[in-house]
Amino acid sequence: MDFSQQPRPTEAGILQFMEICDSFYPPDAVTASIEQQRQWYDALCSRFDRPLPEGMRTQDDAVMGRIPVRRYPPRTIRTSTCLLYLHGGGFVVGSLESHHAICAEIADHAGAELVSVDYRLAPEHRWPAQTDDCYGVLKSLLAEGKTVVLIGDSAGGNLAAGLAVRAKGEELSGIVGQILIYPALGGDLVSGSYEEMANAPGLTTADVGYYRSVLQAPAGDPVVEPLASSSFAGLPPAFITVAHFDPLRDDGRNYAARLAEAGVEVWFREEPQMVHAWLRARHMSDGARAGFRAICEAARHFAGSN
């Protein structure tokens, strides 16, 4: 296949970001062992790590005695609402460390405490271990009397959207917003952006299929495939952002449309020059910087800390 003919962005900052990523994480990474994939991913994330914002001291904790979390209280807390962050990584890679700086900066900008969840990974732990861990943390926060904004990127965006669906089904109240960042929401893998961006840089349609096969979640379950929901009414207001050069793009587009049709308040943003995982490029790409600022503003809005 001639990858030179594949759709690619032209923004200088994101092209530099892609070069750095390719030097740490090969395009065929999913063909390697799980252990090797995690080593590559950890090294890549470490490359983009940054110091904590001034005055922030994180705290590692465990919820329900077994689910590791990291708390990010900003120097100035302007709201009692909590941000619950679920990291990306295809349910296979990622940790509290991989999204450390991202979580810290969102908490600092929003003026709200953020809790990041170190949920169990596949293939050691298949579905529903991931959603169960995150749901347990959510219920604990709500039991403390907190209101919660769900935030997640990629696989974490899937988990965040799924928690909102799950909470609605169990009539659990207290979720005041959901921020879904290039989320995987159960698209068909053969049409729309899955076809158009099948070989996009950073994530291919084949990669998405691989991660699904590792997770082994039941097809059609709206908690793992929110696009399969029978009704979208009554879900929390949403901010959804997608990357143009990403096979997952239309999952976010379609979900935003379904929410809007059901009367749910929704903000949708498509980053025209971005690729999957552009959050890491927020300090080197103009497009990523603007996109990250919009995420932080959405978190501040939903948390009521304006």
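Helices (H or I, at least four residues) and strands (E, at least two) are DSSP runs, numbered from the N terminus. The model is predicted, so local features need pLDDT of at least 70 and side-chain atom pairs count only at pLDDT 80 or more, while totals for chains, interfaces and linings use all residues. Residues are numbered from 1 along each chain as its sequence is written, and side-chain values use heavy atoms, with hydrogens and water left out.

## Exercise 1. Helix α5

Check the length of α5 against its 15 residues, and state how many of them are buried.

**Solution.** 
- Step 1. The expected span is 1.5 Å times one less than the number of residues. For the 15 residues of α5 this should give 21 Å.
- Step 2. The end C-alpha atoms of α5 are 21 Å apart, which agrees.
- Step 3. Buried means under 20% relative accessible area, exposed over 50% and partly exposed in between (1.4 Å probe, protein chains only). In α5, 13 of the 15 residues are buried, so the helix is largely enclosed by the rest of the structure.

## Exercise 2. Helix α8

Check the span of α8 (residues 249-261), then find its packing partners.

**Solution.** 
- Step 1. At 1.5 Å a residue, the 13 residues of α8 should span 18 Å. Its end C-alpha atoms lie 19 Å apart, which agrees.
- Step 2. List the buried residues: R249, D250, D251, G252, Y255, A256 and L259.
- Step 3. An α-helix has 3.6 residues a turn, so residues three or four places apart point the same way.
- Step 4. Look for contacts (heavy atoms within 4.5 Å).
- Step 5. Follow the chain past α8: G263 takes a positive phi of about 85°.

## Exercise 3. Strand β4 and L114

How do β2 and β3 pair with β4, and is L114 buried or exposed?

**Solution.** 
- Step 1. Two strands pair if DSSP finds at least two bridges between them. β2 (residues 67-72) runs antiparallel to β4, with 4 bridges. Here Y72 has L114 as its bridge partner.
- Step 2. β3 (residues 82-86) pairs with β4 in the parallel sense, also over 4 bridges. L84 has V115 as its partner in β4.
- Step 3. β3, helix α3 (residues 100-110) and β4 form a right-handed β-α-β unit. Right-handed means that, with the strands pointing away from the viewer, the path from the first strand over the helix to the second runs clockwise.
- Step 4. Inspect both faces of β4 (residues 114-117). L114 and S116 on one side, and V115 and V117 on the other, are all buried.
- Step 5. L114 has a relative accessible area of 0%, so this residue is buried. Leaving out neighbours within four places in sequence, L114 contacts R70, R71, Y72, L83, Y85, C103, I106 and A107.

## Exercise 4. The second largest pocket

Which element supplies the largest share of the lining of the second largest pocket?

**Solution.** 
- Step 1. On a 1 Å grid over the protein atoms alone, a pocket is an open set of points where a 1.4 Å probe fits, with protein on both sides within 12 Å along at least five of seven lines; lining residues have an atom within 4 Å of a point. This pocket has a volume of about 200 Å³.
- Step 2. It has 13 lining residues, and the closest to its centre are E105, H109, H283, R289 and F292.
- Step 3. α3 and α9 (286-303) each supply at least two lining residues. The largest share, 6 residues, comes from α9.

Note on methods. Grid points are joined across faces, edges and corners, and a volume is the space filled by probe spheres set on the points.
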